[in-house]
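The sequence and structure come before the details.

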Amino acid sequence: MKLLFYAAKVYDKKSFGLVLERFPGVEIEYIDHELEPRTAPIAKGFDAVCAFVSANVGAETLDILKECGVKAVLMRCAGFNNVDVARAKELGIVVKRVPAYSPESVAELAMALAMAVNRRLYKAYNKVRENDYTLKGLRGVLFYGKTAGIVGTGKIGAAMARICRGFGMRVIAYDVYQNPALADFVEYVSLDELLAQSDLISLHCPLMDSTYHMINLESIKKMKDGVILVNTSRGALVDTDELIQGIRMNKFLGVGLDVYEEETGNVYEDRSDEIMEHSVTARLLSFPNVMITSHQGFYTMEALAAIAEITLQNMVDAMEGKETPNDVK
Ligand code: NAI
């Protein structure tokens with residue numbers, strides 16, 4: 001079974017290398033290139049391809065993969081908004097993903113971002129390095145006793161809800177389905193109520209037509225002044241231009257983003273020597289109360305090990321024609 005592994009990083013090779021011996025039938029070739037129409041022809045002769053969040057697995061890519069004889073697309077992530085699932089189905093290409101590998105890894109980063117923007121840790125770190133021990137610009141607020149609003153209470157949202165409870169926060173949530181595991185401490189409310197009552201809003205729902213730009217000027221206006229907004233889910237849940245308007249209206253105590261709309265060309269690339277022609281991200285970073293990380297929620301040793309193990313099992317299952325809950329349909 002031959003697997004072409006796109007956009008392979010050193011840590012991918014390490015984590016997949018560690019579990020590969022448990023999958024003796026699988027042979028992996030790693031390449032640096034991202035999966036997109038231009039690079040899809042490289043997959044000729046491979047049974048499956050492995051791709052990540054920034055890949056373009058649209059119809060054009062899938063058509064080429066089909067011509068190359070590829071039978072499965074294995075996403076080494078939970079989200080699959082970059083895959084044209086309907087086209088894959090028409091072509092008979094199996095798509096599998098890793099629905100859960102370490103929800104706490106993402107939830108802990110969400111809380112880290114919330115804390116970092118609240119207590120301005122990025123500023124404090126730089127100030128002390130510069131021998132500046134003043135407290136100017138560092139004042140935060142207490143989380144204890146405040147209200148956390150969790151949008152989407154699936155695996156990651158539930159983990160975040162538990163962390164917030166641990167901080168002594170009242171936890172409210174909005175989801176299209178209620179998670180019974182949270183019944184003892186989470187109160188479900190409407191999205192409008194969540195926006196109006198929360199001191200910390202953390203987004204954990206998937207990107208779909210119904211959630212695209214769910215945070216926009218209208219929803220921002222419904223939030224409390226001094227709210228903290230954290231997005232570790234998908235960038236396009238937030239309308240960035242309107243978020244910037246909200247920041248300029250002084251709506252936010254802080255904004256922490258592990259994902260943002262413009263991230264596709266940036267994710268895991270070193271662009272430090274480039275001059276950006278236009279960059280909304282740069283505008284966002286000009287604000288003192290915004291902190292951006294580059295899609296690192298999943299990046300813990302535990303999550304990487306689980307991703308490797310589950311992806312290779314998905315490969316075996318796909319080749320054996322086994323349907324599993326990891327199928328994307
Ligand atoms: P999940 O599928 O367990 O939970 C998603 C929840 O969102 C479900 O409870 C669902 O009912 C809810 N939902 C669906 N539509 C909604 C709507 N319109 N409004 C509110 N809630 C809605 O997914 P999981 O594992 O918790 O992941 C959540 C998201 O986190 C993923 O979709 C992915 O985009 C993102 N993610 C980010 C990572 C990172 O490194 N930053 C890593 C892994 C996932």
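Which of the 25 residues around the ligand come nearest? They are Lys155, Ile156, Asp175, Thr232 and Asp258; a residue is near a molecule if one of its heavy atoms lies within 4 Å of it.

## Basis of the model

This is a predicted model, in which local features need pLDDT of at least 70 and side-chain atom pairs count only at pLDDT 80 or more, while totals for chains, interfaces and linings use all residues. Residues are numbered from 1 along each chain as its sequence is written, and side-chain values use heavy atoms, with hydrogens and water left out.

Oxygen atoms of the ligand lie 2.8 Å from a backbone N or O atom of Ile156 and 3.1 Å from a backbone N or O atom of Phe298. Asp258 places a polar side-chain atom 3.0 Å from a ligand nitrogen atom. A polar contact here is a pair of N or O atoms within 3.5 Å. On its own the ligand has 870 Å² of accessible area (Shrake-Rupley method, 1.4 Å probe), and the protein covers 87% of that area.

The shell around the ligand has eleven nonpolar, ten polar and four charged residues. Asp, Glu, Lys and Arg count as charged; Ala, Val, Leu, Ile, Met, Phe, Trp, Tyr, Cys and Pro as nonpolar; and the others, Gly among them, as polar.

## Cysteines

A disulfide is counted when two cysteine sulfur atoms lie within 2.5 Å, and the count is zero.

Cys50 is buried (under 20% relative accessible area), with a value of 0%. Cys164 is likewise buried, at 0% relative accessibility.

Terms used
Polar contact = N/O pair within 3.5 Å; in protein donor to acceptor, adjacent residues only side chain to side chain. Buried < 20%, exposed > 50% of the residue type's maximum accessible area, 1.4 Å probe, protein only.
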